[in-house]
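Hi everyone, thanks for making time.

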Amino acid sequence: MIPFLIRRLCQAVLVMFIISMIGFAIQGGLGDPVQQMLGPAATEAEATALRHSLGLDAPLWAQYLDFANDALHLDFGRSYFFHEPALSVIARYLPATLELVAASAVLTLLLSVPMGVFCAIRPRSWLSQTLMGLSVIGISVPVFLTAMVLIQVFSIGIQVTLFPADTGWGHWLNQLFSIEGGMPAYGRGNPVHVLGVWYTNFATLQGILYLLLPAFSLALVMLPLFVRLIHAEMLEVLESDYVKYARARGLRPSRIYFLHALKNTLLPVVTLGGVQIGTLVAYTLLTETVFQWPGAGLMFLDAIERADMPLIVAYLMVVGLLFVVINTLVDLLYRLLNPRITLSGRAA
Amino acid sequence: MALLEVDHLDIRFPLRHDEIRAVRDVSFALERGERLGIVGESGAGKSVLAFSLLKLLSRPGYIAGGRVRFEGRELTTLSDRQLRRIRGNRVAMIFQDPLTTLNPTLTIGRQMIESLKAHRRISERRARAIALHKLRQVQVSSPEQRFEQYPHQLSGGLCQRVVIAIALLLDPDIIIADEPTTALDVTIQAEIIALLTQLCGKHNVGLIVISHDLCVIGQLTQRLLVMYAGRIVEQGPTREIINDAQHPYTQGLINALPQMTLPRQRLAQIPGNMPSLARVPDGCAFHPRCRYRFTPQGRLRQACVERVPEAVSSGGSRVACHWVRELITTVPIEEEAI
Ligand SMILES: Nc1ncnc2c1ncn2[C@@H]1O[C@H](COP(=O)(O)OP(=O)(O)O)[C@@H](O)[C@H]1O
Ligand code: SF4
Ligand SMILES: [Mg+2]
């Protein structure tokens with residue numbers, strides 16, 4: 001356990017080092033902060049003075065050390081736009097993103113496990129065939145399209161006028177096929193403070209309602225992939241000796257499917273899940289834009305538009321750190337699930 | 001009434017283009033406490049037969065005809081729920097490879113306790129006590145420690161002992177063991193065989209052992225079925241069959257055993273291969289490999305290629321060969337390469 005943790009820690013440091021290099025490179029290479037800060041009317045002398053005060057005229061390695069040192073002290077400079085430390089800006093926006101990611105990860109898991117398992121144990125039912133068909137389509141549909149469709153159907157609603165509205169039955173049929181819509185699809189609603197520090201959507205029904213569409217559309221990015229993976233793994237596991245043996249011992253089917261088979265199925269799912277959480281965070285950029293979800297993704301895109309360099313770099317570093325932490329946790333979870341790998345890191 | 005009666009059992013696997021008939025017209029009975037062996041080359045349908053007894057056939061296999069009666073009760077028409085009460089409880093199974101049989105993600109103890117709890121309403125503590133007792137019976141050292149371990153932490157032989165302990169957990173009437181020693185080291189095979197013989201004798205458990213290895217079967221069983229291409233070709237007391245095999249196929253199997261061969265005599269492998277069960281030859285399925293399909297004068301015996309032989313009594317066994325009574329007195333012509 002300890003050697004494993006130490007090794008993971010070293011890897012994490014290495015990854016963070018590389019990310020910091022990227023952050024540093026971006027800081028130096030994208031746009032000119034001095035011009036941004038001073039505006040077009042500034043003189044050359046003013047620009048040189050500011051450059052010097054920002055340390056932008058020092059050699060590259062010294063600049064990097066400066067940068068790294070600041071980063072280690074959680075100092076990414078002040079946002080040009082917000083006029084406050086970049087990290088506090090991120091700290092304000094990140095929770096909304098994390099809530100979105102968490103909600104869609106939970107949705108993905110809650111939906112994909114039953115779907116994948118069902119498709120594997122009832123391969124011939126029409127529902128399985130439909131789900132598997134949809135999952136093929138789902139993998140290739142772009143996220144903003146599903147988001148648009150979700151907004152159209154559940155928020156704007158669909159008014160069917162196909163049947164003659166002046167007859168009783170026509171009106172009734174129109175009503176039957178119409179969808180009211182009305183689900184919130186813009187912004188975060190009114191999140192509430194919990195315990196004084198946590199500003200959350202999870203605490204109220206209204207908050208969850210606002211979270212539902214964005215989280216579901218983000219979940220749809222992963223869902224088809226997970227359903228297919230769980231289905232494929234489950235099919236393989238169901239053919240295994242130990243499942244047959246479990247049946248030969250007279251165990252109940254629910255126990256065989258949801259303990260014996262699922263536990264072995266989950267190993268690759270956890271691995272994929274770890275990798276995909278990164279993708280999920282990347283997709284928040286799109287989802288947050290479509291739903292105007294006031295999270296770090298939206299903030300990041302705004303920061304790019306404004307060439308708000310400290311904010312951009314801080315976002316990259318924080319998200320990078322998040323990846324590393326999540327991946328380490330996933331690795332740990334994988335080891336806990338799989339007794340064949342000892343925690344020292346060697347396969348037994 | 002025998003404990004288990006199998007009557008004209010017929011098992012098929014419908015595939016896209018043809019149909020595999022894995023078990024055909026198989027009938028036998030097992031008495032309480034009796035140890036029965038099933039022997040035959042790989043692909044003869046032994047495992048399919050074993051699994052069908054508990055209706056555990058894998059897709060797309062199904063029982064196309066015949067009966068399996070356990071204590072007079074027809075099993076082939078039972079619902080899954082009713083079968084579940086018998087599986088693992090009255091009839092237990094031991095699989096070939098102990099390392100793939102036990103679930104790799106659950107501890108030995110968990111898997112033993114769940115077996116008990118599937119059939120009895122007992123407390124966790126009571127289940128644990130019974131499980132530990134059974135582990136001691138199969139001579140697993142430091143059972144408390146094993147209890148907390150995962151299958152991969154145990155050797156193959158130890159795992160198979162655990163599997164035997166699980167088979168004995170609910171004091172079954174029958175244990176079906178499909179190649180219980182095939183995946184093990186030769187040195188451990190003998191121990192496992194001795195253990196099975198001893199425990200089945202002690203608890204009066206009926207045993208059905210499947211093997212392609214006559215040595216294993218010879219040590220373990222009292223009665224023997226010889227299977228070829230889905231059918232039983234010879235059936236009788238183990239000792240008599242080994243000492244005085246009647247069917248040409250059984251004779252071939254015995255001649256292929258190293259220790260049965262006299263010095264300087266070459267091992268007599270049966271020429272050719274067993275056919276695929278999708279394309280079994282007409283008449284006697286063994287005829288393409290059988291030297292006796294020709295008369296001593298070298299003429300083809302029409303019956304061998306045209307009619308499926310019925311079982312007749314010969315020696316101490318029932319033998320499915322048209323010519324078994326004459327073979328004893330005829331000397332076969334020397335076979336040319338087939
Ligand atoms: N799941 C299956 N699908 C199709 N055919 C099968 C299946 N299981 C067994 N068979 C057929 O049954 C034959 C006998 O298999 P088996 O009983 O495993 O032989 P063995 O005597 O070696 O145990 C195989 O050769 C194969 O043709
Ligand atoms: S019936 Fe004919 S082919 Fe079959 S075993 Fe007897 S002699 Fe050989
Ligand atoms: Mg077999």
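So, how many Å separate the centres of domain 1 of chain B and domain 2 of chain B? Taken over C-alpha atoms, the answer is 30 Å. On each side, 20 residues of domain 1 of chain B and 20 residues of domain 2 of chain B take part in the contact, where contact means heavy atoms within 4.5 Å. As for where the domains run, domain 1 of chain B covers 4–228, and domain 2 covers 231–262 + 280–337; these bounds come from an automatic or database domain assignment.

A bit of housekeeping before I go on. This is a predicted model, in which local features need pLDDT of at least 70 and side-chain atom pairs count only at pLDDT 80 or more, while totals for chains, interfaces and linings use all residues. Residues are numbered from 1 along each chain as its sequence is written, chains are lettered from A and ligands numbered from 1 in the order in which they are written, and side-chain values use heavy atoms, with hydrogens and water left out.

Back to the two domains. Together they bury about 1,900 Å², with 60% of it on carbon and sulfur atoms; buried area here is the accessible area (1.4 Å probe) that two parts lose on being put together, summed over both. On the domain 1 side of chain B, the residues that lose the most area to domain 2 are B:Leu214, B:Val226 and B:Tyr228, together 42% of what that side buries.

What about charges? Between domain 1 and domain 2 of chain B the count is one salt bridge, meaning a side-chain nitrogen of Lys or Arg within 4 Å of a carboxyl oxygen of Asp or Glu. The side chains of B:Glu41 and B:Arg289 form a salt bridge, at 3.0 Å, N to O. In general, side chains of opposite charge can pair when their charged atoms come close.

There are also 11 residue pairs in polar contact between domain 1 and domain 2 of chain B, both residues at pLDDT 80 or more. A polar contact is a pair of N or O atoms within 3.5 Å; within protein, one must be able to donate a hydrogen and the other to accept it, and residues adjacent in sequence count only if both atoms are side-chain atoms. On the side of domain 1 of chain B that touches domain 2, the elements giving two or more residues are β2 (19–30), α9 (214–220) and β9 (223–228) of chain B. Helices (H or I, at least four residues) and strands (E, at least two) are DSSP runs, numbered from the N terminus. The biggest giver on that side is β9(B), with six residues.

Now the ligand. Which residues are closest to ligand 1? They are B:Gly43, B:Gly45, B:Lys46, B:Ser47 and B:Val48, out of 15 residues that surround ligand 1, each with a heavy atom within 4 Å of it. The side chain of B:Ser47 has an N or O atom 2.6 Å from an oxygen atom of ligand 1. A polar backbone atom of B:Gly45 sits 3.1 Å from an oxygen atom of ligand 1, and for B:Ala44 a backbone N or O atom is 3.1 Å from an oxygen atom of the ligand.

Next, the other chain. Chain B puts 27 residues into the contact and chain A puts in 21. The pair buries about 2,400 Å² between them, 57% of it on carbon and sulfur atoms. How many salt bridges are counted between chain B and chain A? Two. B:Glu114 and A:Arg255 meet through their side chains in a salt bridge, 2.6 Å from N to O. On the chain B side, β6 (91–94), α3 (98–101), α4 (108–119) and α7 (156–168) give two or more residues, and α4(B) gives the most, with six.

Most residues other than glycine have a negative phi, and most peptide bonds are trans. Yet a cis peptide bond joins B:Arg59 and B:Pro60, with omega about -5°, and B:Pro60 lies in the loop between α1 (46–52) and β4 (62–70) of chain B. B:Glu71, not a glycine, has a positive phi of about 50°, and this residue is in the loop between β4 and β5 (73–74) of chain B.
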